[in-house]
Amino acid sequence: MESTVSVSKGVFVFKNGLQPNKQKGRGRKKKIPTGTGNIYRDEMWFQTYTELWEVLESKIKELNSDMFSSILSNLLNFIDGSYCKPVTEIPAGALLTGINMPDHAVQFETLKSSINEKISPHVAHLSSQDCPSLKNLVENMINQFINEDIDYDLDEENVKSTKVKIKKSQCSFTLLQSWYEDLYNNKVDNVLVVILPDFESFKENVLQDFIQIASYYVNKLPFVLVFGIATSLSALHKALPYHVSSKINIQVFNSQPSITYLNKIIENVLFSNDCPFYLGGKLFALFTDIFLFYDFSVTGFIQNFKFAMLEHFSTGNAKALCITHGFSEVLKNFSKEDFENVRMLHSFRRFVEAESPKNQIELLTDDKYFQKAIKKELNKLIYYMNNLVVLLECLNILTADLPKAPLGKTFREIYCVAVSKKLSETVEFKEAFQLLSFQSKDELLTKIDSVLNLLKNNIEIYTEENIVDDLKTFIEELNNLSNDQVEEVQEDLDCLNIEGTMQRAQLKQKLFQQAKSQNKPMNAYEKFRSKVVEYFEHIFEEYLKVPTDFTFHEIFFYNDISIQNHIIGSHRAAIHTALNDPQSYLDCSCCGISNDAVILSSMPDICIAYKLHLEYGKMINLYDWLQAFLSILDPVHADDDNEKREVDPQLQARFTQSVAEMEFLGFVKSSKRKTDHVSRLTWGG
Amino acid sequence: MDDEVLPSSVSPRKSTRNRKSTQKGVAFEIELQRKMEKNQQQIDEEDDDEFSGEEIQIEDTVASNVALAGKDIYSFDRVKKLERLETPKKENTKSIPKTPHHLRKRIGKGIKSSIAEDFSSDGGEAYENTASDYSASESESSNSDSSEDVDVEDISDGGGETVKAPAMKGLVARIQKESGSRTSKKSTSEYVIRTEEYFSNNATKKSTTSNHTLSKLKTPRLNQEELQRLLKKTAVSEEHRSSICNFGEECKDNFNRWICLLHENFNLLFYGLGSKRNVLHEFHELVLKDQPVLVVNGFFPSLTLKDILDAITHDMLQMQGESFANVFSNCEAIVDAFAEIPDQHLYLLVHNIDGDMLRNHKAQAALAMLASARNIHLVASIDHINAPLVWDHNKLSKFNFVWWDCTSFLPYTDETSFESSMMVQRTGNLALSSLRNVFLSLTSNAKGIYKLILKYQLDHNTSQYYQGLLFKDLYWSCREAFLVSSDLVLRAQLTEFVDHKMVKLKRSADGAEYLIIPIATNLLQQFSNEQT
């Protein structure tokens, strides 16, 4: 440790043979790493994990570009067509991205590269941190236009390679103009696109000046601006006063909110057939809550998912079985320990106990037999999981638009419930089906239709009943029910035989009773409807089981909520507990306390100092604090009231250190208001 | 609540113990929570042991009524039910003959950790909202979660230590108290920022403190060396020492996981009370010995961001002769350079990433930029209670931290050694010698000026409220001594003093400038004695 403590420097370099790339200049290209350097790279579970993660990552990327493609093409069209006609204002696209900045970096990168590809080689991507002043902004922009263009030409092995790189400090508008005129022989050709991804963080005056200057060159230099706006369009109006905004011609593009993005990721990637890893209800709820109430960050969600995945897989080679098919190959490579690892799963015990004694012994000792059992059980689980996702989607179609949506509007909400308890037993489920049985014919028909479509697309559904066929007959039957049959109401209402005169109250009561007892006979549609609803109810009851019912569900489902602390951290809480109740961490016999106000002399010094400081107000007298400290650690000498008190230097040193640590943690700071006082920086306990 | 209904797969032995199962449930649920906090690997190991031995299977159904110990306000009536259920148990306790010692210990531990977990599930005040959401669902779902069955070694094969009924009673009482206190008043160990306390703390009249000063003590302040010497002698109790050692060992068990996480593009952030230098250092020594590592002491008071970036650009990457317009372009260059050598990794170990000098947007943005690179890995620690406030979600998403509670209870010796604590006597040797050196290099006129200020300060610094020497007065005395000829020359001279922190310029309310030497009087006296 001594090697990294110094009174004169704070940075220590351990180079250990780092070899920087000596190749300088333009020829350098980004290399691809030759493989992961992870220490677990030879472990089976890690290989499975990497494979799975790579699949997911590429799918996410694909989805990402899909999601962005429509808005991207709109933007590209806009940029492309912006200088078709002569313009008097600078064309500007305002891209309303929604509030998550970190997620958007990728979008703007794609935007830049596709503009480069399709429209114009001249794109400048300016972030606010590089442009604190107008000078920096202009230099940065022009540098990107001119110098990156050289790279671009070089790749094409153009003759212009002799051109020297222009220094950043020499970049100015006049230079840009002459360069552009030189390049295109005084014609307006390729547009110059300037992307400002974080519009709000730019300084207003910098932007205003920039736009005004650029507007002078509007006929010579074809600028197109793209603003990424995270809040709302009013930010743009606020930043640019009229005399500036009149210089630009703004067109607004709305991108989808991040919640749709998340739903798409969840439905198309995380719950696709290729992904055998499932989050348990609690964890899934945690992640979505972090998303909804914390940061709206899809990237964050994916990273959390990745972390959960890594934690799941890292529990051993049993998790190498977390694949969708090809168990045999994996099992073939299993060693004795790996089988033991599988036997250690909780659900296996229940499985064994249900077997006959002879089988039990075989399961526990014979790896071959065990292997067969694993395969059988895993296949069951795979069927179950496929069914689960598809059926939950069906259920979502059926129940999403019910009034108040008892089962939630989105797939993720239903999923959360379905994996943590038996869905068909929940109140919400019953409520939803009650509501379903009030649906009109058209609604029901469209729902059945879309369920049918969904099922047709997912051929991998394994049920005893042929749901697809059943549904087809339902639709036929429903279509056969002609409208008048639906409308046909039995008219044979019992005539109200009001005999004789009655009190009004009596009549009222009688009518009420009649209305109650009279079970309105169902018409044909209603009969049919209840049949359909019952059918669905039956299917869902049958196939929507809880994953924990299955043996080896731990291989596919991960539900360890304790990783929460690794994802959101509870820094302040950890310090708070450690100081208030050191026993919870130290696990010693000496520091047990019944409530937090108790101070024991056996506690660590900083805990004592902390607890004492809680008793003070805004200011703390160091002398008194020290006395209190001493009275706890050294109660014998506490009450001798000499003029000049002698303090055990050992104790004084300990107190001194504790105060310094409290200051370091940010609980107190020295105060000049009164001699030997510190002020408290927190309140409460 | 149908918790008493036992599932079909109960072993016969279990049913005989059925009577006290509720109480065991308490322990086991707690046990379970404790386990959940541990990493999965350990659980597997533990279960392996238990699986081979004799065992009782306790279905969590029993436990679930206690599962809500301290869930939240929503579980009002359930908690009441729980209390009712528990009351008769007190009488039952005598019927339990033995509980093995280790089990008892684990119970105690478990309770603690369950509390810790409860309140840490709040996950910081910003997240409180959602936390309560899933704790509610937790209690509901635990019924169906048979995956979390808990097994415990057989009671009868325990160490043979008897548990006195009162001890057990005390435990029960404590549990009741804890579960009860959630409903009546908030348990104090739960961490919630209570805003009303802010007002009660601040709205009240001026806080009155006594007028005692440290000078009432025989030795008002210890000096730094003395302090270090005494602290070295300080002994921690054996039990505490062993658990502190255990923390270290636990961390060591995680080293492989950590390095794995780092390679998966996560970065690590350690929090919790106590110095985490040891953990980081061990990690460096044991795992990263042969890797390129940059250790940054964030608590070092004169650390600059430039030091860090220069260390990487010059010492690591040997990019000599390149100059950068600002830190961000420097960072960009570093990230680019590392993208070219994808098979080599750089590990940044930052002790106290919340250190004084890194506590600004620029430094954190630069670090975040570095940390987001694929082969630059950041391992950092935080200590200040408000440390997480330095990151906005842009930075957090770049950092991509995995948080790790590394509470160690170790003293912050190195971290605080730089701080000028108010309890530490400043010997001033350093100040004196630097003053001496600067003074020697001054011209004779400058020396004269300085001596004038010094003499004035020594003569007038008797009262507590010494304002300083008026600039105008100094000017006239200097003129009289033929030291300066004009106001400007004097000012130029003073600037040099100010730059070396030999003099402080203060402006009073009426605009007059005062000059003060910011060094203790006794030191000044010593200095002036030396000069004459």
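1. The axes of helix α21 (residues 471–480) and helix α22 (residues 487–499), both of chain B, come within 11 Å and cross at roughly 110°. That makes α21(B) roughly perpendicular to α22(B), a label for angles of 65 to 115 degrees, where under 35 counts as roughly parallel, over 145 as roughly antiparallel and the rest as oblique. Axes are lines fitted to C-alpha atoms, for helices over the stretch in contact, and angles run from 0 to 180 degrees between N-to-C directions. The crossing is right-handed. Contact (heavy atoms within 4.5 Å) is made by B:Phe471, B:Leu474, B:Tyr475 and B:Cys478 of α21(B) with B:Asp487, B:Leu490, B:Arg491 and B:Leu494 of α22(B). By class, these residues are six nonpolar, no polar and two charged. Ala, Val, Leu, Ile, Met, Phe, Trp, Tyr, Cys and Pro count as nonpolar, Asp, Glu, Lys and Arg as charged, and the others, Gly among them, as polar.

2. A note on the basis of these values. This is a predicted model, in which local features need pLDDT of at least 70 and side-chain atom pairs count only at pLDDT 80 or more, while totals for chains, interfaces and linings use all residues. Residues are numbered from 1 along each chain as its sequence is written, chains are lettered from A and ligands numbered from 1 in the order in which they are written, and side-chain values use heavy atoms, with hydrogens and water left out.

3. Chain B has 23 helices and 12 strands; helices (H or I, at least four residues) and strands (E, at least two) are DSSP runs, numbered from the N terminus. Of its 532 residues, 52% count as buried, meaning under 20% relative accessible area, with exposed being over 50% and partly exposed in between (1.4 Å probe, protein chains only). Among the contacts in chain B with a separation of 6 or more, 77% are between residues 24 or more positions apart.

4. One open sheet draws on both chains: six strands in the order β1(A)-β5(B)-β6(B)-β7(B)-β4(B)-β8(B), with mixed pairing. Its edges are β1 (11–14) of chain A and β8 (401–405) of chain B, each with a single partner strand, so one side of each has no neighbour in the sheet. The twist averages 15° from one strand to the next. Within this sheet, β6 (residues 346–351) and β7 (residues 376–381) of chain B run parallel and are joined by five bridges; two strands pair if DSSP finds at least two bridges between them. B:Leu348 stands opposite B:Leu378 in β7(B).

5. Chain A has an open sheet of five strands, β3-β4-β5-β2-β6, with parallel pairing. Here β3 (123–125) and β6 (248–254) stand at the edges with a single partner strand each, so each has one side without a neighbour in the sheet. Neighbouring strands are turned by 20° against each other on average, direction ignored. β3(A) pairs with β4 (residues 192–196) of chain A over three parallel bridges, and A:His125 has A:Ile195 as its bridge partner in β4(A). Helix α2 (residues 101–118) of chain A lies across β2 (90–96), β3, β4 and β5 (223–229), running at about 165° to β3(A).

6. In chain A, the axes of α1 (residues 44–81) and α10 (residues 298–313) come within 10 Å and cross at roughly 165°. The two helices are therefore roughly antiparallel to each other. Their contact includes A:Trp45, A:Trp53 and A:Ile60 of α1(A), and A:Phe305, A:Lys306 and A:Phe313 of α10(A). The contact residues divide into 12 nonpolar, one polar and one charged.

7. Two buried sites in chain A. Helix α16 (residues 411–420) has eight of its 10 residues buried, so it is largely enclosed by the rest of the structure; A:Arg412 is one of the buried residues. A:Ile608, in helix α26 (residues 605–613), is buried with a relative accessible area of 0%. Residues that A:Ile608 touches include A:Ile599, A:Met603, A:Phe629 and A:Leu633. The C-alpha atoms of A:Ile608 and A:Phe629, 21 residues apart along the chain, are separated by 7.1 Å.

8. Most residues other than glycine have a negative phi. B:Asn265 has a positive phi, near 70°, and is found in the loop between α12 (238–263) and β4 (267–271) of chain B. B:Gln318 has a positive phi of about 50° and lies in the loop between α14 (305–316) and α15 (327–340) of chain B. B:Asn265 is partly exposed at 31% relative accessible area, and B:Gln318 is partly exposed at 34%.

Methods. Left-handed = near helix turned anticlockwise from the far one by under 90°. Lists of a residue's contacts leave out its neighbours within four places in sequence.
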